[in-house]
Amino acid sequence: MRPLPSPQDAAATDAEILAASLHEPSAFAAVFDRHFPAIHGWMRRRVGASLADDLAAETFTRAFDARDRFDPGRADARPWLFGIAAHLVADHRRAEVRRLRAIARTDPGELIAEDQEAATLARADAATLGPALAAALAGLRSQERDALLLAAWADLDYEQIAQATGVPVGTVRSRLHRARRHLRAALATTIDGSET
């Protein structure tokens, strides 16, 4: 059996570091340092800045507490951590849907600050589509929204999303297909309605 790597060893896999952290808890800091920015960024996009700090920290607290259950056959802890993060977001889902529906009711003019008069046309288009996109996201089934946002905001591939959500890759593909189809239809209606 080979010795466990030092947490400072940049070549050490997450699985090796998590195994080392069972005997040396401070080793977990290396996993935190590697993945906190991605988890926090995804959380910030999902739940907003005010809640992202708390939920990202809670993700790593839960991961630390569950590190003995991490599958050592998987070198990368990123999908596992996003799975924990997604479960935490699910705990706040009702508030998230209410927030998205509130954004959908917002006047697009309110989304552009007065001091940004020189904003580009692309930014104006994005602000106009923002409420429609928020409404379309709110209208997705929660599993479809989770899969879509893990792909779009966390940049996870199909297999990583499957690991994070605990479903087969085929289910991830189906959820993403349905989510994208729903968003295309919802945004096409918005764009077509604004051009007439």
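Among contacts in the protein between residues at least 6 apart in sequence, 60% join residues at least 24 apart. The model from which this value was computed is a predicted one, and its mean pLDDT is 80, with 74% of the residues reaching 70 or more. The chain holds 9 helices and 0 strands, so that the pattern read along the sequence is α-α-α-α-α-α-α-α-α, and 39% of the 196 residues count as buried.

Among the elements of the protein, helix 1 has the highest mean pLDDT, at 95, whereas helix 6 has the lowest, at 65. Over residues 110–125 the pLDDT stays under 50, and for this stretch the model has 6 contacts beyond four places in sequence.

In soluble globular proteins, nonpolar side chains tend to be buried together. In the present model, the largest nonpolar core comprises 43 residues, and those with the most contacts inside it are Ile-39, Trp-42, Met-43, Phe-82, Leu-150 and Ile-161. Two or more residues of this core come from each of helix 1 (14–21), helix 2 (28–47), helix 3 (49–65), helix 4 (78–91), helix 6 (121–139), helix 7 (142–152), helix 8 (158–165) and helix 9 (169–195).

Helix 7 is largely enclosed by the rest of the structure, because 9 of its 11 residues are buried. The buried set in helix 7 includes the charged residues Glu-144, Arg-145 and Asp-146, and it also contains Ser-142, Ala-147, Leu-148, Leu-149, Leu-150 and Ala-151.

Beyond residues up to four places away in sequence, His-40 touches Ala-52, Asp-53 and Ala-56. Thr-171, by contrast, lies in helix 9 and is partly exposed, because its relative accessible area of 27% falls between the limits of 20% and 50%. Although Thr-171 and Ala-147 are 24 residues apart in sequence, their C-alpha atoms are 9.8 Å apart in space.

The second largest pocket has a volume of about 190 Å³. Of the 14 residues that line this pocket, those closest to its centre are Pro-79, Trp-80, Gly-83, Gln-163 and Ala-164. Helix 4 and helix 8 each supply at least two residues of the lining, and helix 4 gives the most, with 5 residues. By class, the lining consists of 6 nonpolar, 5 polar and 3 charged residues.

Notes
Residues numbered from 1 in each chain as written. Heavy atoms only, no water. Core = buried A, V, L, I, M, F, W, Y, C linked by side-chain atoms within 4.5 Å. Buried < 20%, exposed > 50% of the residue type's maximum accessible area, 1.4 Å probe, protein only. Helix = DSSP H or I, 4+ residues; strand = E, 2+ residues; numbered from the N terminus. Contact = heavy atoms within 4.5 Å. pLDDT = per-residue confidence, 0-100. 1 Å grid on protein atoms, 1.4 Å probe; cavity = no way out; pocket = protein on both sides within 12 Å on 5 of 7 lines; lining within 4 Å. Points joined across faces, edges and corners; volume = space filled by probe spheres on them.
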